[in-house]
Amino acid sequence: MDFHLYIQNLQVKHGEFFGLIGESGCGKTTLLKILAGLLPVNEGSLLQNGRDITGIPAEKRSLGMVFQQDRLFPYMNIEKNVAFGLKMKGVPRSKRITRARDMLSSVGLKDLGERFPLELSGGQRQRVAIARAMVTNPPILLMDEPFSALDPNLRKEMRELVLDIHKKYSMTIIFVTHDREEAFMMFDRMSIMRNGNVVETGTPRSLYEKPSRLYTARFLGIPNILSGRTEKGLFLTLEGLELSMEKHEGEREGELIIRPESLEITQFHPEDRFAFRAILEKTRFRQGMVHCKITTHRGLILETLEKNNGELEGLTGKEVYVSYSPTDLVFLENEREVRECSTLMPEK
Amino acid sequence: MKRVFMLMLFIVFGLFLIAGIFPILYLFMLSFSGGWSWPDILPSEFSLRAWKYVLGTASGTWHSIGVSLHIAVVVTIINAVIAIPAGDALGRYKFPFKGVLEIILMLPILVPPIVILMGLHRTFITLGLTEKLSGVVLAHMLPTLPYMIRATTISFSRLGFEWEEQAKTLGAGRIRRFAHVVFPFLLPGIIVGSALTILISMSQYVITLLIGGGQVITLTMRMFPYINGGDQGTGAAYSILFALVAMGLMVLLDVFLNRLYREKRM
């Protein structure tokens with residue numbers, strides 16, 4: 001396997017629900033396996049509460065881990081599966097059975113202890129896997145896309161369960177996913193990963209509202225990324241649209257990121273906001289929100305997202321004003337992105 | 001369509017009857033007959049002579065059953081001990097010349113051991129392994145080990161590393177991972193490999209004859225002269241006994257390993 005991870009520095013705080021997110025092949029699972037001790041580190045070190053654990057094998061790290069597949073031992077019943085970690089620790093039989101039963105009931109599977117894994121549904125099996133990982137009370141729980149094999153309704157339920165567990169047992173959880181929705185719903189903080197590097201780390205909200213890397217904005221699904229340059233407090237797109245900036249940046253080339261919900265479409269020019277004119281091409285309704293596609297007269301296509309107030313439907317195909325607040329615009333300078341990428345790109 | 005199917009069924013059933021049932025029936029009749037001359041369809045005389053001889057103490061049958069079982073069981077255990085790490089290497093790891101090694105390990109299946117028996121005999125003489133049980137055990141591994149390795153290789157490649165990874169994160173060290181995770185997964189493969197080893201070991205004649213030098217008398221060794229024409233009634237009785245011993249061993253193996261398996265489930 002020719003794959004390299006380059007993690008400069010990454011800290012997870014005690015009791016935090018931390019996410020590793022990125023597209024498949026970005027190294028998030030590899031990083032998690034390194035934390036678990038299932039893969040070796042070539043260089044650098046791993047610290048837990050200030051103690052170096054780099055050389056400690058997985059079985060002595062006392063971390064819980066839940067994989068994408070439930071990986072329940074098929075020849076053991078549910079109770080034995082859950083109690084396995086305790087057995088490995090030498091806990092006496094009666095104690096571990098009691099503890100396993102407690103754990104099972106806390107994931108909502110009180111009466112299924114006698115069954116075998118194949119007799120359970122996918123969601124139930126993943127619950128057992130969580131109970132099994134937590135039975136020894138590990139200070140850190142690692143989860144590798146544990147719900148991606150489940151169907152959407154079940155996924156939501158499982159997220160709630162894990163959030164409850166996180167609260168109840170106040171453990172540190174490090175959770176790998178490629179699902180943005182999952183990230184926004186669950187994580188206290190997260191790292192966005194790409195090509196074996198950490199692109200950016202922060203709270204989901206700060207990363208979404210104030211991304212400092214272009215990839216962050218793209219990955220988190222911000223559709224309006226405009227190329228152009230700044231000049232005298234304005235941003236000029238390549239297509240010639242002028243937008244007011246919050247502060248003077250000098251003359252620089254780069255990208256302007258506009259979150260779709262920071263744009264507002266009105267029929268007339270609003271008095272207290274900056275606005276530009278565009279044609280409302282398409283509106284699409286979804287769950288109380290309305291998703292619009294607009295084209296400026298220079299051919300620039302933008303997307304907006306607003307609460308459905310019923311007015312927009314009548315404006316389709318007409319010229320409208322699109323207003324924005326300069327504080328919502330994020331400017332990312334070109335060179336910066338290029339420079340950071342070159343230092344962080346894996347060397348072949 | 002249905003007609004063709006019925007015809008096929010009839011043919012298959014007929015072949016099964018001719019190839020499977022009739023020879024066994026014939027053996028039974030032969031073993032209980034006092035005399036059976038052409039062109040009689042059934043033996044003219046009922047007799048327990050052959051069975052009395054075979055099951056009696058004079059014939060040495062019981063001793064040779066013991067020898068056969070002894071060899072088969074020891075060969076099976078040694079095979080399993082060798083085949084578990086070998087299957088692990090072949091089933092889960094990549095290394096240079098793996099393909100070549102696999103072919104070499106399969107060679108005894110492709111090239112019958114009889115082909116190299118002369119050379120083997122010579123070597124065993126130099127090593128002082130002829131006319132001994134240990135030599136016969138070693139020689140019996142030749143045609144049986146490939147099956148055991150094949151079985152464990154498949155088991156290991158199905159097992160992969162996932163389960164062991166999971167066990168590691170639950171605090172299981174190397175030995176416990178083997179006992180609680182790897183072994184239960186290998187059991188079905190080991191059962192198949194053991195069954196084949198036992199049957200093949202018990203059926204060996206030429207290898208046992210040459211390497212054992214007539215000193216190691218297995219059941220096959222004892223029955224062969226009778227089958228070969230000496231006394232057909234006794235040969236038939238031995239054949240039936242052989243089948244019963246082999247079947248009994250299979251049942252024992254199944255019971256033993258199943259119990260082990262169930263214990264693991266508990």
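User: How is chain B divided into domains?
Analyst: This is a predicted model. In it, chain B has domain 1, residues 2-47, and domain 2, residues 59-265.

User: What separates the centres of the two domains of chain B?
Analyst: Taken over C-alpha atoms, the centres of domain 1 and domain 2 of chain B are 33 Å apart.

User: And how many residues are in contact between them?
Analyst: On the domain 1 side of chain B there are 5 residues, and they are in contact with 6 residues of domain 2 of chain B. Helix α1 of chain B, residues 2-31, gives the most to the domain 1 side, with 4 residues. By class, that side of domain 1 has 3 nonpolar and 2 polar residues, and no charged ones.

User: Zooming out, how many helices and strands does chain B have?
Analyst: Chain B has 11 helices and 2 strands. Along the sequence the pattern is α-β-β-α-α-α-α-α-α-α-α-α-α.

User: What does the C-alpha trace of chain B span?
Analyst: About 75 × 65 × 40 Å along the principal axes of chain B.

User: What percentage of chain B counts as buried?
Analyst: Of its 266 residues, 31% count as buried. As for contacts in chain B between residues at least 6 apart in sequence, 71% of them join residues at least 24 apart.

User: New topic. How many residues of chain B are in contact with chain A?
Analyst: There are 15 residues of chain B in contact with 18 residues of chain A.

User: Which elements of chain B give two or more residues to that side?
Analyst: They are α7 (162-169), α8 (174-203) and α11 (232-265) of chain B. Helix α7(B) gives the most, with 6 residues.

User: And how does the side of chain B that touches chain A split by class?
Analyst: It has 5 nonpolar, 4 polar and 6 charged residues.

User: Staying with α7(B), how do its axis and that of α8(B) cross?
Analyst: The two axes come within 10 Å and cross at roughly 160°. Angles over 145 degrees count as roughly antiparallel, so α7(B) is roughly antiparallel to α8(B). The crossing of α7(B) and α8(B) is right-handed.

User: Which residues make the contact?
Analyst: From α7(B), the residues are W163(B), E164(B), A167(B) and K168(B). From α8(B), they are R177(B), H180(B), V181(B), V182(B) and F185(B). By class, the contact of α7(B) with α8(B) has 5 nonpolar, 1 polar and 3 charged residues.

User: Over to chain A. Is helix α1(A) largely enclosed or largely open, and why?
Analyst: Helix α1(A), residues 28-36, is largely enclosed by the rest of the structure, because 8 of its 9 residues are buried. The buried ones are K28(A), T29(A), T30(A), L31(A), L32(A), K33(A), L35(A) and A36(A).

User: What do those buried residues of α1(A) pack against?
Analyst: In chain A, they pack against β1 (17-21), β4 (64-66), β5 (140-144), β6 (172-177) and β7 (189-194). They also pack against α7 of chain B.

User: What comes just after α1(A)?
Analyst: G37(A), which takes a positive phi of about 90°.

User: Which residue has a positive phi of about 60° although it is not a glycine?
Analyst: That is N137(A). For context, most residues other than glycine have a negative phi. N137(A) is in the loop between α4 (122-134) and β5 of chain A. N137(A) counts as partly exposed, because it has 13 C-beta neighbours inside 10 Å.

User: What about N195(A), what is its phi?
Analyst: Phi of N195(A) is near 50°, a positive value, and N195(A) is not a glycine. N195(A) is in the loop between β7 and β8 (197-202) of chain A.

User: Last one, back in chain B. Where does L110(B) lie?
Analyst: L110(B) lies in helix α4 of chain B, residues 98-110. L110(B) has 8 C-beta neighbours inside 10 Å, so it counts as exposed.

User: And what separates the C-alpha atoms of L110(B) and P143(B)?
Analyst: The C-alpha atoms of L110(B) and P143(B) are 9.9 Å apart, while the residues are 33 apart along the chain.

Definitions and conventions
Residues are numbered from 1 along each chain as its sequence is written. Chains are lettered from A and ligands numbered from 1 in the order in which they are written. This is a predicted model: local features need pLDDT of at least 70, side-chain atom pairs count only at pLDDT 80 or more; totals for chains, interfaces and linings use all residues. Domain bounds come from an automatic or database domain assignment. Two residues are in contact if their C-beta atoms, placed from the backbone, lie within 7 Å. Ala, Val, Leu, Ile, Met, Phe, Trp, Tyr, Cys and Pro count as nonpolar, Asp, Glu, Lys and Arg as charged, and the others, Gly among them, as polar. Axes are lines fitted to C-alpha atoms, for helices over the stretch in contact, and angles run from 0 to 180 degrees between N-to-C directions. Angles under 35 degrees count as roughly parallel, over 145 as roughly antiparallel, 65 to 115 as roughly perpendicular and the rest as oblique. A crossing is left-handed if the near helix is turned anticlockwise from the far one by less than a right angle, and right-handed if clockwise. A residue is buried if 20 or more other C-beta atoms lie within 10 Å of its own, exposed if 12 or fewer, and partly exposed in between; C-beta atoms are placed from the backbone.
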